[in-house]
Amino acid sequence: MIAIIPAKLNSSRLKEKNIKIFNNKPLIYFTIRSALKSKLIKRVIVSTDSKKIAKIAKKFGAEVPFLRPKKLTRANVSLQEVCKNMIKYLEKNEKIKADSLI
């Protein structure tokens, strides 16, 4: 199973929420940590448009194979579109057929 964590830089409600500090860690750390602890998840991949978030995600053990295209960061873009983008990347560039996502 592959975990895809969507984390764009600017949320419509709270700017840079994914890297806001809580208990001395950026918020995205807690999601990455939980996914990495799962025995069912084999890969943890962050989909982001931010080099800053990518760097933080990698520091805590997640993969960030590419930066998300700007067209997939608008407020009206669905999580399904973001996941499809990642699946297409994995199929094309890594020849991986994702059968289970979370």
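Is phenylalanine 30 buried, partly exposed or exposed? Phenylalanine 30 counts as partly exposed, because its relative accessibility is 21%. For this talk, buried means under 20% relative accessible area, exposed means over 50%, and partly exposed is in between, with a 1.4 Å probe and protein chains only.

Before going on, the ground rules. This is a predicted model, in which local features need pLDDT of at least 70 and side-chain atom pairs count only at pLDDT 80 or more, while totals for chains, interfaces and linings use all residues. Residues are numbered from 1 along each chain as its sequence is written, and side-chain values use heavy atoms, with hydrogens and water left out.

Now the overall chain. The protein chain has 3 helices and 4 strands, and from the N terminus the order is β-β-β-α-β-α-α. These elements are DSSP runs numbered from the N terminus: helices are H or I with at least four residues, strands are E with at least two. The C-alpha trace spans about 35 × 30 × 20 Å along its principal axes. A compact globule of 102 residues would have a radius of gyration near 13 Å, and the protein chain agrees, at 13 Å. That radius is taken over C-alpha atoms, and the globule rule is 2.2 Å times the number of residues to the power 0.38.

Of the 102 residues, 38% count as buried. The protein chain exposes about 6700 Å², and carbon and sulfur atoms supply 54% of that; accessible areas come from the Shrake-Rupley method with a 1.4 Å probe, and for residues only the protein chains shown count as cover. Among contacts with a separation of 6 or more, 55% are between residues 24 or more positions apart, where contact means heavy atoms within 4.5 Å.

Back to the rings. How many aromatic pairs does a search of the whole structure find? The search finds 4 aromatic pairs. One of them joins phenylalanine 22 to phenylalanine 30, edge-to-face, at 6.0 Å centre to centre with 70° between the planes. The rule is that rings of Phe, Tyr and Trp (its six-membered ring) pair if their centres lie within 6.5 Å; planes under 30 degrees apart are stacked, over 60 edge-to-face, and the rest tilted. Phenylalanine 22 is partly exposed, at 47% relative accessibility.

Another edge-to-face pair is tyrosine 29 with phenylalanine 60, at 4.8 Å centre to centre and 65° between the planes. Tyrosine 29 lies in helix α1 (residues 27–37) and phenylalanine 60 in the loop between α2 (51–59) and α3 (79–93), so this pair ties together parts that are 31 residues apart in sequence. Tyrosine 29 counts as buried because its relative accessibility is 16%; phenylalanine 60, at 18%, is buried as well. Phe22, Tyr29, Phe30 and Phe60 form one aromatic cluster.

What lies over the face of tyrosine 29? Lysine 25 does, at 5.2 Å from the ring centre. The criterion is NZ of Lys or CZ of Arg within 6 Å of the ring centre and within 35 degrees of the ring normal.

Next, a charged residue away from those rings in my list. Aspartate 49 sits in the loop between β4 (43–47) and α2, and it is buried, with a relative accessible area of 14%. Where does its side chain reach? The side chain of aspartate 49 reaches the backbone nitrogen of leucine 9 at 2.8 Å. Leaving out residues up to four places away in sequence, aspartate 49 touches Ala7, Lys8, Leu9, Leu67, Arg68, Lys70 and Thr73.

Isoleucine 2 is in strand β1 (residues 2–6) and is buried, at 8% relative accessibility.

Last, two backbone angles. Asparagine 24 has a phi near 65°, a positive value in a residue other than glycine. Asparagine 24 is in the loop between β2 (21–22) and β3 (25–26) and is exposed, at 72% relative accessibility. Lysine 95 also has a positive phi, about 55°, although it is not a glycine. Lysine 95 is found in the segment after α3, and at 70% relative accessibility it counts as exposed.

Note on methods
Polar contact = N/O pair within 3.5 Å; in protein donor to acceptor, adjacent residues only side chain to side chain.
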